[in-house]
Amino acid sequence: MWYWLFKYVFLGPVLWGLGRPTVEGTENIPAEGGAILASNHQAVLDSFFLPLRVPRRITFLAKSEYFTGTGLKGAFQRWFFSVVGQVPIDRTGADAAQDALNAGLRVLSQGKLLGIYPEGTRSPDGRLYKGKTGLARMALESGVKVIPVAMIGTEKVNPIGSRVWRPAKVTIRVGEPIDFSRFEGMGGNRFVERAVTDEVMYKLMKLSGQEYVDIYAASLKKKALAADGSAPVAGVAPASDASTVTRLPDTRAS
């Protein structure tokens with residue numbers, strides 16, 4: 001009940017006024033059954049604007065920090081993310097990857113839509129970064145189709161570090177479902193999982209128009225932290241200027 005109240009009564013009207021969100025390709029989302037919505041990730045509000053324009057309910061795997069805060073803010077976050085049906089995952093433990101996989105498979109086995117950000121974190125500079133293979137493992141083990149989704153303009157409504165939302169046009173592009181049944185029974189093969197993930201990222205690049213960078217966004221963020229001199233990050237090489245990162249050939253979307 002709370003999911004729909006936030007969507008149509010409490011939060012939805014505010015988002016409509018701020019972003020005037022339009023959506024293309026909703027016919028690519030199945031009316032029923034499990035599927036993975038794999039989206040680029042430019043702002044926290046991606047997880048709000050996407051459900052606003054998708055008729056079916058979406059369940060996201062949310063970082064456990066949203067459920068462990070203290071004080072009034074922490075209590076509100078726990079309540080909010082719980083009542084809208086988000087699933088907490090611990091991204092720091094030794095079993096983090098397996099726990100996330102199990103949580104995602106449970107959602108898909110219930111015939112629900114699962115929202116995933118393959119980059120694993122928000123883009124630090126608006127470019128599209130290398131996808132993590134957990135997406136592929138879920139797709140291969142569940143047998144569901146992967147639907148690429150490009151969120152465009154959310155970073156203008158909710159810039160990184162901003163505390164106040166700003167009016168800006170938001171566009172959502174939903175691509176055609178990708179069927180990976182040709183790889184049936186090949187889950188666990190790291191080469192296949194990388195191929196599946198890269199295919200999804202290529203579709204996202206074409207849909208979003210973002211420039212693709214073949215490194216993990218989290219790695220770039222760690223290098224930036226190490227470079228600012230405030231605290232060295234163990235196991236991370238000295239940072240280089242982000243503009244010098246090597247790109248894959250022919251990866252600037254037209």
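Me: At what angle do helix 1 and helix 2 pack?
Reply: Keep in mind that this is a predicted model. Helix 1 covers residues 2–10 and helix 2 covers residues 12–19, and their axes lie 4 Å apart. The two are oblique to each other. The packing angle is about 45°.

Me: Which residues of helix 2 does helix 1 meet?
Reply: By class, this contact has 6 nonpolar, 1 polar and 1 charged residues. From helix 1 come Phe6, Lys7, Tyr8, Val9 and Phe10. On the helix 2 side, they meet Gly12, Pro13 and Val14.

Me: How wide an arc do the buried residues of helix 1 cover around the axis?
Reply: The buried residues of helix 1 are Tyr3, Phe6 and Lys7. They sit on the same side of helix 1, because the arc they cover around the axis is only 95°.

Me: And what covers those buried residues of helix 1?
Reply: Tyr3, Phe6 and Lys7 are the ones in question. The cover includes helix 2, helix 3, strand 3 and helix 4.

Me: Which element gives the largest share of the largest nonpolar core?
Reply: That core has 31 residues, and Leu37, Phe49, Leu50 and Ile58 touch the most other members. Elements giving two or more residues to this core include helix 1, helix 2, strand 2 (35–39), strand 7 (146–152) and strand 8 (171–174). The largest share is 4 residues, and it comes from helix 3.

Me: How many residues does the second, separate core have?
Reply: Among its members are Leu108, Leu135, Ile178 and Met205. The count for this second core is 30 residues.

Me: Back to helix 3: how many of its residues are buried?
Reply: The buried ones are Asp46, Phe48, Phe49, Leu50, Pro51 and Leu52. Helix 3 is mostly covered, with a tally of 6 of its 8 residues.

Me: What does Phe49 touch, leaving out residues up to four places away in sequence?
Reply: Phe49 is one of the buried residues of helix 3. In the largest nonpolar core, Phe49 is also among the residues that touch the most other members. With those sequence neighbours left out, Phe49 touches Leu15, Gly19, Pro21, Met151, Thr154, Val157, Val170 and Ile172.

Me: Are helix 6 and helix 8 roughly parallel or roughly perpendicular?
Reply: Helix 6 (residues 134–142) and helix 8 (residues 190–208) have axes 8 Å apart and pack at an angle of about 105°. Angles of 65 to 115 degrees fall in one class. So helix 6 and helix 8 come out as roughly perpendicular.

Me: Which residues of helix 8 are in that contact with helix 6?
Reply: The contact divides into 6 nonpolar, 1 polar and 2 charged residues. Helix 6 brings Leu135, Ala136, Arg137 and Leu140. Helix 8 brings Val192, Glu193, Val196, Thr197 and Val200.

Me: Is Val87 buried or exposed?
Reply: Val87 is found in strand 4 (residues 87–89). Leaving out residues up to four places away in sequence, Val87 touches Thr59, Phe60, Leu61, Ala62, Ala103 and Val107. Its relative accessible area is 18%, and the cut-off for this class is under 20%. So Val87 is buried.

Me: What is the phi of Arg20 near?
Reply: Arg20 has its place in the loop between helix 2 and strand 1 (22–24). At 44% relative accessibility, Arg20 counts as partly exposed. Its phi is positive in a residue other than glycine, with a value near 40°.

Me: Which residues are in contact with Thr121, apart from neighbours within four places in sequence?
Reply: Thr121 lies in the loop between strand 5 and strand 6. Thr121 is buried, with a relative accessible area of 19%. The C-alpha atoms of Thr121 and Ala43 are separated by 9.4 Å, though the two are 78 residues apart along the chain. The contacts of Thr121 are His41, Ala217, Ala218 and Lys221.

Me: Last one: what percentage of the residues of the chain count as buried?
Reply: The chain has 9 helices and 9 strands. Of the contacts with a separation of 6 or more, 77% are between residues 24 or more positions apart. Out of 254 residues, the share that counts as buried is 44%.

Technical notes: Residues are numbered from 1 along each chain as its sequence is written. This is a predicted model: local features need pLDDT of at least 70, side-chain atom pairs count only at pLDDT 80 or more; totals for chains, interfaces and linings use all residues. Side-chain values use heavy atoms; hydrogens and water are left out. Axes are lines fitted to C-alpha atoms, for helices over the stretch in contact, and angles run from 0 to 180 degrees between N-to-C directions. Angles under 35 degrees count as roughly parallel, over 145 as roughly antiparallel, 65 to 115 as roughly perpendicular and the rest as oblique. Contact means heavy atoms within 4.5 Å. Ala, Val, Leu, Ile, Met, Phe, Trp, Tyr, Cys and Pro count as nonpolar, Asp, Glu, Lys and Arg as charged, and the others, Gly among them, as polar. A nonpolar core is a set of buried Ala, Val, Leu, Ile, Met, Phe, Trp, Tyr and Cys residues joined through side-chain atoms within 4.5 Å. Buried means under 20% relative accessible area, exposed over 50%, partly exposed in between (1.4 Å probe, protein chains only). The arc is that of the directions from the helix axis to the C-beta atoms.
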